[in-house]
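Hi,

Here is the structure I promised to pass on. Please have a look, and my notes on it follow below.

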Amino acid sequence: MAMDTTITLRGAALAPDASGALVWPAERTLVVADLHLEKGSAFAARGRMLPPYDTRATLDRLAGLVERLKPARVICLGDSFHDRRAASRMDPADVERLKALTVRAEDWVWVTGNHDPEPPEGFGGRIVDELALGPLTFRHEAVPGAVGELSGHLHPAAAVLVPGRRVRERCFAFDGAKLILPAFGAFTGGLNVLNPAISGLLAKPFEVHLLARGKVHRFPAGRLSPDSG
Amino acid sequence: MPDLPSPLIPANVAGWFRSRGWAPHPHQIAMVEAAEAGDSALLIAPTGGGKTLAGFLPSLIELAERPREGLHTLYISPLKALAVDIQRNLEEPVAEMRLPIRTETRTGDTPESKRRRQRAHPPQILMTTPESLALLLSYADSAAIFRHLRCVIVDELHALAGTKRGDLLALGLARLARLAPAARRVGLSATVAEPDQLLAWLSRTGRADNGDVRLVTGRAGASAEVEILTTRERLPWAGHMAMHALGEVYQRIRGHRTTLVFVNTRAQAELVFQELWRINDDNLPIALHHGSLAAEQRRKVEAAMAAGKLRAVVATSSLDLGIDWAAVDLVVQVGAPKGASRLVQRIGRANHRLDEPSRALLVPANRFEVLECRAAVDAVASMSLDGERPRPGGLDVLAQHMLGMACADPFRPDDLYDEVVCAAPYANLARDEFDDVLDFVATGGYALGNYERFHRLVMREDGRMAVAGPAVARQYRMNVGTITQEAMLRVRLNRGPVLGEVEEYFIQDLTPGDTFMFAGQLLKFLGVREMEAQVAKGGTGEPKVPAYAGGRLPLTSALADRVRAMLADPAQWPGLPEDVQEWLRLQRWRSVLPARDGLLVESFPKAGKRFLVVYAFEGRNAHQTLGMLLTRRMERMGCGPLGFVATDYVLAVWSLRTPRDMDALFDQDMLGDDLEAWMDESSMLRRTFRNVALITGVIDRRHPGQEKSGRQVTFSSDLIYDVLRKHDPGHVLLRATRADAAGGLTDIRRLSDFLARVKGRITHKDLDRISPLAVPVILEIGRERVDGSATDELLEQAAADLVAEAMPELGSEGDSQGRLAL
């Protein structure tokens with residue numbers, strides 16, 4: 001029996017996907033947040049030799065979604081590139097991958113983020129600071145009190161206790177007025193939604209849509225377990 | 001003992017011995033002789049009997065006769081506390097003989113000012129740890145510091161060799177051999193099965209047959225008196241806590257001066273300590289000692305012990321090494337010892353006067369442990385200890401060492417290779433393996449290869465590799481060492497004192513109000529504040545006990561072999577407790593006894609399920625892996641496996657149907673694709689990868705005071721593992737991870753030997769009901785704690801179902817409680 005995990009925000013029916021992306025079927029729109037492309041190489045430049053495959057892994061997952069859902073519009077909710085020099089470090093094969101991907105949607109939108117206030121040109125798509133679409137607003141960082149807003153930036157994650165263990169995974173956080181998306185990038189950690197940085201933005205009681213074992217599970221905030229950090 | 005002073009012992013030293021009423025032991029003189037000849041030496045001797053002094057004596061004599069400045073002798077101990085203690089003990093003879101010698105310690109606790117002074121003006125004798133030595137060797141002035149070094153003493157060598165810390169130290173010694181070619185090496189070791197491995201470890205060539213190391217054996221003391229407790233209570237069928245026997249243990253404590261009570265796990269320590277105090281009608285001073293108690297608290301217990309103020313200490317392996325307490329006259333081992341060498345070393349903690357026998361009492365917790373204790377006593381009596389094949393040195397440790405060496409001084413790869421293969425753990429390191437590790441250290445070594453610009457090491461025009469900048473050296477020094485542990489949280493009592501540390505995951509499973517047993521008391525969990533678990537004394541409800549992940553050591557092969565032999569041969573049964581003999585006789589009648597060389601598999605129905613019991617005797621870790629692989633295969637055979645439980649002796653699998661073809665079930669090819677597939681998903685591999693990533697500096701260690709704040713900035717090693725596994729499966733980090741796992745948590749090496757051994761020798765008994773020998777393992781079902789170490793893998797599977805099953809349920813429950821007002 002599948003749980004209903006549809007989110008209704010100002011009348012728009014939105015479907016959280018187990019991959020961490022959000023689908024708005026009525027508008028044939030796919031939304032992803034915080035790709036952080038080239039995060040691995042940013043660390044490598046500082047002597048931390050993380051594997052360089054995060055861009056490839058992230059783009060492969062995104063390409064899979066585009067192939068499966070064939071959206072007309074793709075919105076990247078900011079921090080798509082880990083830093084200003086990310087494009088210059090990208091492997092040529094990955095550059096081609098990304099270029100080939102952005103032409104597969106009629107409208108590819110790069111929303112700017114704090115990591116990429118000026119996303120690199122030349123990958124296709126258009127660049128905006130925020131985007132209003134019907135009843136909804138798409139921006140990188142949530143604005144306190146905003147209604148009908150979709151944002152990223154905070155990398156929400158949540159933990160629940162099930163008999164015998166604790167499950168901590170990325171999640172969507174939703175309070176009826178605003179929806180915060182999980183980070184989509186391969187090397188992006190998560191911040192517990194009970195941390196005031198996230199819970200402080202949300203009206204109580206809020207709920208999360210947890211991504212675990214290839215499915216989306218809905219929990220009210222009251223069922224969640226805090227991190228010990 | 002020779003009455004005439006040896007010509008090698010100068011008058012003031014001989015005078016000092018006389019003033020104490022002593023004469024040098026033959027092994028002490030043999031150590032001086034080895035030094036005179038310029039030879040390295042391995043001294044194998046029981047604790048006590050002047051082993052440490054034997055190590056230092058040649059240096060004291062040399063410095064007495066030819067006083068000089070500069071570092072002469074380096075002493076390396078696995079324990080900080082031991083280094084400090086040895087330094088204190090050595091001050092005494094140095095002062096009394098009026099020797100012109102400064103002795104100092106250098107550990108993680110040494111203040112920065114003193115460290116700097118030590119580098120500029122080193123003492124003649126320096127006591128340190130493997131990690132502090134690695135740091136010293138990473139400085140550009142290391143050549144100057146060690147140029148005049150004449151001797152390196154490695155204490156408790158048996159405990160270091162074969163570990164990653166030992167690998168790091170061996171590489172350090174290889175570097176010292178280049179900086180100070182004249183320096184001798186001295187190894188001090190407890191009795192071991194295979195001295196050859198330690199001789200190789202000490203040799204400048206890394207090989208046992210080089211002949212540059214003399215073997216010196218200390219006089220064996222009176223042989224130990226080891227007794228197995230014959231309990232008046234009925235022997236339990238299962239369990240590990242031996243609660244039934246603690247009344248009898250308490251009576252023994254009353255009858256002795258000072259008793260060391262060794263247990264195998266921290267959880268056991270907490271429970272045994274609680275129970276002993278519950279029955280402590282005489283209010284005997286009994287203390288608790290284990291690795292996660294606060295250092296201060298441990299020091300207090302050690303000091304009280306040294307001062308003779310305690311009647312007993314309940315301890316884990318935290319007291320296997322370290323300070324000698326002359327007052328201990330009884331060692332109690334609660335639960336089976338798991339290995340003969342370990343038992344010998346623990347028994348050796350009692351009674352250091354060589355003319356009196358050490359006294360030890362073994363307390364088996366269940367029937368199989370009776371057999372194991374008996375086997376261990378026999379092994380000790382015949383001095384046949386557990387030999388283990390030496391494992392090759394870790395590639396992660398090598399990577400860390402390479403970076404350290406580049407920090408000290410740019411090197412030519414050829415030179416460093418020649419140096420590294422002189423360290424025994426790396427004696428067989430292939431050049432291309434070395435080059436892969438070097439490539440990883442320099443540029444990450446990833447197949448994609450776009451990191452050329454971000455090297456940590458650069459190749460200079462003169463063909464030497466140098467660090468790319470001072471930041472790289474800083475990063476190395478922050479991350480040096482091979483000791484990794486689970487993320488820990490401090491436990492603080494009501495904003496009062498810190499009691500110690502427990503694993504973060506344990507605390508995360510608690511909700512405020514839960515009680516748990518720690519530091520010998522019942523505590524109520526209040527919550528987590530500022531990276532600390534806040535607790536109060538007392539509370540109600542069934543307490544939880546923190547358990548180490550993988551804290552239990554598996555039964556050694558040698559001991560397992562003896563247990564199998566004993567089971568198979570009724571002539572060896574007399575002397576076993578009557579209820580154990582009866583149990584074995586019943587087994588022979590109802591089923592069959594496991595043969596020494598074959599494999600007995602029993603199947604029977606119980607509670608609507610089919611059980612398969614595998615008498616493998618290969619230790620818990622290997623059984624755990626075997627359980628995972630068997631259930632995968634049974635799934636494919638259509639047998640509907642439902643679960644399994646592993647002990648040190650036996651594996652039990654329950655399923656809907658019994659597999660028909662046992663030869664096919666146990667075919668060696670299970671170590672192929674199934675193993676690969678399982679290892680990729682295994683949480684053990686993830687844990688192992690995390691350690692490798694920490695040791696190689698891919699992720700940073702968390703240092704106290706630098707904990708993450710607000711945004712989660714620490715990198716999850718799981719994310720890296722997943723990406724690497726998919727895109728670069730042959731990467732050196734993954735190779736290092738698999739090599740670690742093969743010998744450690746998954747024990748694949750042992751499992752593979754086992755499958756080869758039993759091929760074609762499987763006896764399958766299909767029974768109509770459970771056999772006597774199967775009772776203990778069936779009782780273990782459901783008894784294993786879910787937060788315990790052993791069921792980790794099973795949990796992994798169960799959790800898949802749990803998440804899928806339990807969550808929708810919780811979700812709907814949540815709906816009724818907290819439906820959102822939208």
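In chain B, helix H16 (residues 395-408) packs against helix H18 (residues 431-443) at an angle of about 55°, their axes being 9 Å apart. Axes here are lines fitted to C-alpha atoms, for helices over the stretch in contact, and angles run from 0 to 180 degrees between N-to-C directions. H16(B) is therefore oblique to H18(B) (under 35 degrees is roughly parallel, over 145 roughly antiparallel, 65 to 115 roughly perpendicular, and the rest oblique). On the H16(B) side the contact uses B:Leu395, B:Leu398, B:Ala399, B:Met402 and B:Leu403, and on the H18(B) side B:Val437, B:Leu438, B:Phe440 and B:Val441; contact means C-beta atoms, placed from the backbone, within 7 Å.

The model is predicted: local features need pLDDT of at least 70, side-chain atom pairs count only at pLDDT 80 or more, and totals for chains, interfaces and linings use all residues. Residues are numbered from 1 along each chain as its sequence is written, while chains are lettered from A and ligands numbered from 1 in the order in which they are written.

Now to chain A. Chain A holds five helices and 17 strands, taken as DSSP runs numbered from the N terminus (helices H or I, at least four residues; strands E, at least two). Its C-alpha trace spans about 45 × 40 × 35 Å along the principal axes. Of the 229 residues in chain A, 52% are buried (20 or more other C-beta atoms within 10 Å of a residue's own, C-beta atoms being placed from the backbone). Among chain A contacts between residues at least 6 apart in sequence, 68% join residues at least 24 apart.

Best wishes

Terms used: Contact = placed C-beta atoms within 7 Å. Buried ≥ 20, exposed ≤ 12 C-beta atoms within 10 Å, placed from the backbone.
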